[in-house]
Amino acid sequence: MKRTTLYDDGNRKWIVFGRDPSRGENVIDTNQFLVMHDGRGALIDPGGVEVFPSFVGALSAAIDPADVDILFASHQDPDIISSLALWLDLKPELQCLAPWTWAGFIPHFGGGRPVVAVPDEGGTLPLGSSRDLRIVPCHYCHSSGHFTVYDPRAKILFSSDIGAALLPEEGLPFFVEDFKAHVNYMEGFHKRWMPSNAAKNDWIRRVRELDIDMMVPQHGSLFRGDDVKRFLDWFEALEVGVAIPSAEAMAAK
C-alpha cells in the first residue's frame, strides 16, 4: 500500500494510504487517513477487513499502532469500518467515533463493543491535546448519518464519499491533475449515490465558509488548490438523485 504525507508542520501531520496493489480484484480501492498530533494518532475511515493487513504494515512505518487512540468512521459502509474488530484486537482500548444513527449497527463489525456516538450537529474529533479538528455534517451525502472532518491548522477537508472517483484499475496519482478529465470518474458515482440536492447544497454552503487548501475523499484522487473550488462549483451544479429508472424504462424490461 502506498502512502503520501499531505501535511507536516512538525506537530500536526496528515498521511494518506491507498493504491493497494495487493487488494483483491473485486475490492474497491480506498483511501485511509492518519492524522497525528503530539505523536498521537487518529485513523479516519480505517478501511475494510480486506485491506487491514497491508494498511497495518504501511501504517507501522509512520506510527507505532499503539500510539493510535481514535478510529473515526464517517458512516457505516463496510469499506469504511468493517476492520473494526481487527483494530480492537490489536488495541482494545481504541475509541471508535461514528454517527449516532449507526451506533447500533457498526458494533456488528467489532464484537458488539460500543462506539462513541457523534450527534447530528457534529462536534470535535479529539486527538492528543488538540481539540481543533471539526466534525462537519454531510447527512444524506450519501448516508443518512454522515460526517466530514475539517482541520483548520492543515486546511484539509476530509470529504468522505463526496468527491469520490472510481478510477481505472491501473490507478491514477494521489492528486487530481486534470479536473475536466477527472469528472468522467466522478459523475456517475455522484448521480447514483447522492440522493438529495438539498442535502448536497447544505454541505456545500457549510464548507464554502472554510479555508481549504486540500479536499481529500475516501475514494480516488485528492483535490488541492483551485481544484477544490472547481469541485464545489461542479458539485453544486450537478443534479443528483436521478438514478431512479422511469416507468417506461422498467416496462421495457
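Entry 1. I worked on a predicted model, where local features need pLDDT of at least 70, side-chain atom pairs count only at pLDDT 80 or more, and totals for chains, interfaces and linings use all residues. Residues are numbered from 1 along each chain as its sequence is written, and side-chain values use heavy atoms, with hydrogens and water left out.

Entry 2. I searched the whole structure and got 13 aromatic pairs. Rings of Phe, Tyr and Trp (its six-membered ring) pair if their centres lie within 6.5 Å; planes under 30 degrees apart are stacked, over 60 edge-to-face, and the rest tilted.

Entry 3. I looked at F17 and F55, an edge-to-face pair with 5.1 Å between centres and 65° between planes. F17 is in strand 2 (residues 12-18) and F55 in helix 1 (residues 52-60), 38 residues apart, so the pair links distant parts of the chain. Helices (H or I, at least four residues) and strands (E, at least two) are DSSP runs, numbered from the N terminus.

Entry 4. Are F17 and F55 buried or exposed? F17 is buried because its relative accessibility is 0%, and F55 is buried at 0% too. Buried means under 20% relative accessible area, exposed over 50%, partly exposed in between (1.4 Å probe, protein chains only).

Entry 5. F231 and W234 are a tilted pair, because their centres are 5.7 Å apart and their planes at 45°. Both lie in helix 6 (residues 226-237), 3 residues apart, about one turn of the helix.

Entry 6. I checked for charges over rings, which requires NZ of Lys or CZ of Arg within 6 Å of the ring centre and within 35 degrees of the ring normal. K200 lies over the face of F235, 5.7 Å from the ring centre. The charged end of R224 sits over the ring of F175, 3.8 Å from its centre.
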